[in-house]
Amino acid sequence: MTEGDVMTGPARAGEQLRRARETKGVELAEVAARTRIPQRHLEAIEADDFNALPSTTYSVGFARAYARAVGADEPRYAQVAREMLARHDYITPVLWGHPWL
């Protein structure tokens, strides 16, 4: 995979980030330590399960930070996270009052 091939579509974003990480020889635990993102959230990103992340804002930020940590295209992966969340009709829970918007 060349640098220009990093992103071909949102469906495989997590797999592409995983490959970028493995190409650099970095363990997921090391990415978690560098980014301060819990490993379970990084695992969710690798599985393209952005709905398992705490909110849209965190999902986008985590995808961007993960991409930065493995030398991938940060803005592109942030956009992919947004697209995947929109495609899955993600609902952000409210932390006070009513449980859902």
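Helices here are DSSP runs of H or I with at least four residues, numbered from the N terminus. Before I go on, the housekeeping: this is a predicted model, so local features need pLDDT of at least 70 and side-chain atom pairs count only at pLDDT 80 or more, while totals for chains, interfaces and linings use all residues. Residues are numbered from 1 along each chain as its sequence is written, and side-chain values use heavy atoms, with hydrogens and water left out.

Okay, back to helix 1, which covers residues 13-23. Which of its residues are buried? They are Ala13, Gly14, Glu15, Gln16, Leu17, Ala20 and Arg21. By buried I mean under 20% relative accessible area, with exposed over 50% and partly exposed in between, using a 1.4 Å probe and protein chains only. As for what covers those residues, the list includes helix 2, helix 3 (39-46), helix 4 and helix 5 (74-87).

Two of those covering helices also pack on each other. Helix 2, residues 28-35, meets helix 4 at an angle of about 115°, and their axes are 10 Å apart. The axes are lines fitted to C-alpha atoms over the stretch in contact, and angles run from 0 to 180 degrees between N-to-C directions. So helix 2 and helix 4 come out as roughly perpendicular, the class for 65 to 115 degrees; under 35 would be roughly parallel, over 145 roughly antiparallel, and the rest oblique. Who makes the contact, meaning heavy atoms within 4.5 Å? From helix 2 we have Leu28, Val31, Arg34 and Thr35, and from helix 4 Ala65, Tyr66 and Ala69.

Staying with helix 4, residues 56-69, look at Tyr58 and Phe62, four residues apart, about one turn of the helix. Rings of Phe, Tyr and Trp (its six-membered ring) pair if their centres lie within 6.5 Å, and by that rule we get one aromatic pair. The ring centres of Tyr58 and Phe62 are 5.6 Å apart with the planes at 55°, so this pair is tilted; under 30 degrees would be stacked and over 60 edge-to-face. Tyr58 is partly exposed, at 48% relative accessible area, whereas Phe62 is buried, at 12% relative accessibility.

Last one: His41, over in helix 3. Buried or exposed? His41 counts as buried, at 10% relative accessibility. Leaving out residues up to four places away in sequence, His41 touches Ala52, Leu53, Pro54 and Phe62.

Technical notes. Helix = DSSP H or I, 4+ residues; strand = E, 2+ residues; numbered from the N terminus. Contact = heavy atoms within 4.5 Å.
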